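Hi,

Here is the structure I promised to pass on.

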Amino acid sequence: MKRLFHLLAVLSLALGFAFSAPAQSTPYPSANLPKLYEDFLVKINAIPIYDNHAHPGYADDSDVDAMAAPPEESNVLRLRDDNPEFATAAKALFGYPYDDFKPEHAKWLADRKKAAEKSGDSAYFNGILDKLNVETCLANRAFMAPYLDSKRFHWVFFGDSFFYPFDNRDQTASTARYKKQMNVDALPANLAGYEDFVRSTMADNQKRGGVAVKFEAAYFRTLYFTDPAREKADAIYLKYHSGGVPSAEDYRLFQDYIFRVMVDQAGKLKLPMHFHTAVGIGDYFSLRQGNVLNLENVVRDARYKNTTFVLVHGGWPYEREAALLTAVKNVYLDTSFQSELLYPSQLKPVLKQLLTLYPDKMMYGSDAFPFNDALGAEESFWIAAHTTRTALAGALAELVSEHAISEDKAMELARLYLHDNAAKLYGGAK
Ligand SMILES: [Zn+2]
């Protein structure tokens, strides 16, 4: 038997193409592209999603996010509420009977959501996940809500409040609630005490169901963190812990120090760190300071090889830089926000690139968020899932049609990206 196999192997080598399918990739798709797309879309719709990043909740729930958009911000075309896709989403999810969101029509939808909120039943958001075939969803919220089922929605808490112990910025609301949670009345008397407060709050949040800690730091400061000596941070803490506002330079130095304490603790707790790494809302966002490459010195630092870093929103518009950073073993990314901002035809080339670099590092994400009383996180979940599934089917169909990868490989990549990478990272699918 063994000899027969050997003979066949020699024969097929000698005869070349005659025995094997052509494995030579080409720059153009074959005629089978439309059929492959249709087939893949059916299979991809059947894969349960693990959503790496979302802000589920009702529009008037102030714990949905740690920060809000200013009222006059510029809005990209697709995320304006006259986008007809939002009506399509509301029809698919609720049987919405209108094609627009004129105030008298939007009320139909807002009333429905008010009723669900009043009931407090966790079956409501579970039902949204079920309709979209989403198995598990990470809920990035200031605090968790009783109306979210903790079996389906896993908490990602915020770490930014630890950057602001000294004065009264927006962030102190969360710090105050963390202090209450940990039975701490005032700021600890010295830096060692504050480090202990930060470390123990992170551990406590993990015990309360936190599966990751998220940083929106890119909104407030550069993502470039220096590596200051402890004595310098100690001096700043001693000077300001009981009052006074440090200079911007001193404050940043203190943050850089305490950030590294958090990176170290996240590694010890095996608690992945999430970073906002894309252009942000609100018009004031600094592209240069928020550029994902600012994190390179930290994610490549050998001292932090036990800490997992997740580049949320995949760095867009620097998505290739973000993708290349995932060559580092403990770095991952997700495509949240891109899945709402970009149309399927625009997300398709992004996915085609990402999945052919480090496909075991790429994860689905929605960034679902409540826009207003009528257009909620529900419609946002729908847009992200629809955009991603169609774009993914298109990207994989092209790769197969161009003979770059096999059909089996395509489905393997789809499962990794939509579900398996995240399920493995956070430990267990359910
Ligand atoms: Zn987000």
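In helix α16, the buried residues are A410, L413, A414, Y417, L418, H419, N421 and A422. By "buried" I mean that 20 or more other C-beta atoms lie within 10 Å of the residue's own; 12 or fewer makes it exposed, anything in between partly exposed, and C-beta atoms are placed from the backbone. Helices (H or I, at least four residues) and strands (E, at least two) are DSSP runs, numbered from the N terminus.

Two caveats before the rest. This is a predicted model, where local features need pLDDT of at least 70 and side-chain atom pairs count only at pLDDT 80 or more, while totals for chains, interfaces and linings use all residues. Residues are numbered from 1 along each chain as its sequence is written.

Back to α16. Its buried residues pack against α2 (33–45), β1 (49–54), α14 (344–355), β8 (362–363) and α15 (377–401), where a contact means C-beta atoms, placed from the backbone, within 7 Å. The helix runs over residues 407–425, and at 1.5 Å a residue its 19 residues should span 27 Å, which agrees with end C-alpha atoms 26 Å apart. The expected span is 1.5 Å times one less than the number of residues. There is also a bend of about 55° at L416, taken as the angle between axes fitted to the seven residues ending there and the seven starting there. Just after α16, G427 has a positive phi of about 80°.

One of the partners, α14, has 12 residues and reaches 16 Å from first C-alpha to last, close to the 16 Å expected. L347, K348, V350, L351, L354 and L355 are buried in α14. The buried residues of α14 pack against α12 (319–325), α13 (338–341), β8, α15 and α16.

Next, a helix pair. The axes of α3 (residues 84–94) and α15 come within 9 Å and cross at roughly 105°; axes are lines fitted to C-alpha atoms, for helices over the stretch in contact, and angles run from 0 to 180 degrees between N-to-C directions. The two helices, α3 and α15, are therefore roughly perpendicular to each other (65 to 115 degrees; under 35 counts as roughly parallel, over 145 as roughly antiparallel, the rest as oblique). On the α3 side the contact is made by E85, F86, A89, A90, A92 and L93, and on the α15 side by E378, E379, W382 and I383. By class, that contact of α3 with α15 has seven nonpolar, no polar and three charged residues. Nonpolar covers Ala, Val, Leu, Ile, Met, Phe, Trp, Tyr, Cys and Pro, charged covers Asp, Glu, Lys and Arg, and the others, Gly among them, are polar.

Most residues other than glycine have a negative phi, and most peptide bonds are trans. Which residues are joined by a cis peptide bond? W316 and P317 are, with omega about 5°, and P317 lies in the loop between β6 (309–312) and α12.

N133 is not a glycine, yet its phi is positive at about 55°. N133 sits in the loop between α5 (123–131) and β2 (134–140) and is partly exposed, with 15 other C-beta atoms within 10 Å. F337 also has a positive phi, near 70°. F337 is in the loop between β7 (331–334) and α13, and is buried, with 25 other C-beta atoms within 10 Å.

Cheers

How values were computed:
Two residues are in contact if their C-beta atoms, placed from the backbone, lie within 7 Å.
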